[in-house]
Amino acid sequence: MSVALSYLNAAKAVLERIRSTQMDALQQAAQICTDSIAQGGLVHLFGSGHSRMAVEEMFPRYGSFPGWHPIVELSLTYHNQVVGANGQRQAIFIERVEGLGRTILRNFVLEVPDSFMIFSNSGVNEVVVEVALEAKERGLPVIALVSQAHCEASPARHSSGKRLVDLADVVLDNCVPAGDAMVRVEGHPDLIGPGSTIGAALLVNSLKCLVADALTRRAMPPIVLTSSYHIGSEAAQARFDDCFDDYRERVRKTYGAPTGG
């Protein structure tokens, strides 16, 4: 069998595991997010390393809507250079430095009714654990999206002795095996083909659909970024403006600016 089919079959298995095990957790996460957004708050999103992709998948994308606040630190996520300045060695080093998560969050006003969603396949690196600790200290509910198999098999690195799953109010499992890669190539000693991005994308888009449904049932339908393919170019441009205006108003308080006026 083609190794490409092996990967597709492994990805299909991730989908099936999510479908069979994660619906209750998705509903719980959707309740938290809906409550935050319905009250004019934000669901803050944070991830380091390749987990940045899940943050960007959440918002802004076609089919997404305001209420999600991406927090992406370039020093932790800018992978294009690989070596040299802004290289991977530095990024891997600093995501294990205690104090960085606290420093990042000093830039934002975080308060109820906001909530926090943190993405990390391993769930043990110092920066993500510290972000979760800081969010909890401010009284915000925390949703973690991890590989539960990998996280539970990994020792805590943060000095608190905590992992992300120990701090979260709700844990979403990307259902990827520990180690992430999923395919064995004959004659090669290492597994190839990571699955965490697929699992995370399935979960965040399912979550978005649940939250949009819940908001609409509350007579608060979100302003959805919509392609011109569906509504025409003029309406799509107007929708973009409305969506980004709504987003700007929501995030003003997060950066310390008064709302209204």
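F116 has V142 as its bridge partner in β4. That pair belongs to the link between strand β3 (residues 115–119) and strand β4 (residues 142–146), which run parallel and are joined by 4 bridges. Helices here are DSSP runs of H or I with at least four residues, strands are runs of E with at least two, and both are numbered from the N terminus. Two strands pair if DSSP finds at least two bridges between them.

Before going further, a word on the model: it is predicted, local features need pLDDT of at least 70, side-chain atom pairs count only at pLDDT 80 or more, and totals for chains, interfaces and linings use all residues. Residues are numbered from 1 along each chain as its sequence is written, and side-chain values use heavy atoms, with hydrogens and water left out.

**The sheet**

β3 and β4 sit in an open sheet of 5 strands, paired in parallel and ordered β2-β1-β3-β4-β5. β2 (68–71) and β5 (170–173) are at the edges with a single partner strand each, so one side of each has no neighbour in the sheet. From one strand to the next, the twist averages 20°.

Helix α2 lies across β1 (43–47), β2, β3, β4 and β5, and runs at about 125° to β5. Axes are lines fitted to C-alpha atoms, for helices over the stretch in contact, and angles run from 0 to 180 degrees between N-to-C directions. Contact means heavy atoms within 4.5 Å.

**The helix pair**

Two packed helices are described by the angle between their axes and the distance between the axes. For α2 (residues 23–38) and α10 (residues 196–217), the axes come within 9 Å and cross at roughly 55°. The two helices are therefore oblique to each other; angles under 35 degrees count as roughly parallel, over 145 as roughly antiparallel, 65 to 115 as roughly perpendicular and the rest as oblique. The crossing of α2 past α10 is right-handed, meaning that the near helix is turned clockwise from the far one by less than a right angle.

On the α2 side, the contact involves L26, Q27, A29, A30, C33, T34, I37 and A38, which meet L203, S206, L207, L210, V211, A214 and L215 of α10. These residues divide into 12 nonpolar, 3 polar and no charged. Ala, Val, Leu, Ile, Met, Phe, Trp, Tyr, Cys and Pro count as nonpolar, Asp, Glu, Lys and Arg as charged, and the others, Gly among them, as polar.

**A buried threonine**

T254 is found in the segment after α12 (233–252). With a relative accessible area of 0%, T254 is buried (under 20% relative accessible area; exposed is over 50%, partly exposed in between, with a 1.4 Å probe and protein chains only). Apart from neighbours within four places in sequence, T254 touches L42, H44, H69, N107, F108 and V109.

**Backbone exceptions**

Most residues other than glycine have a negative phi, and most peptide bonds are trans.

| Site | Backbone value | Loop |
|---|---|---|
| F59 to P60 | cis, omega near 0° | P60: between α3 (52–58) and β2 |
| V112 to P113 | cis, omega about 15° | P113: between α6 (100–105) and β3 |
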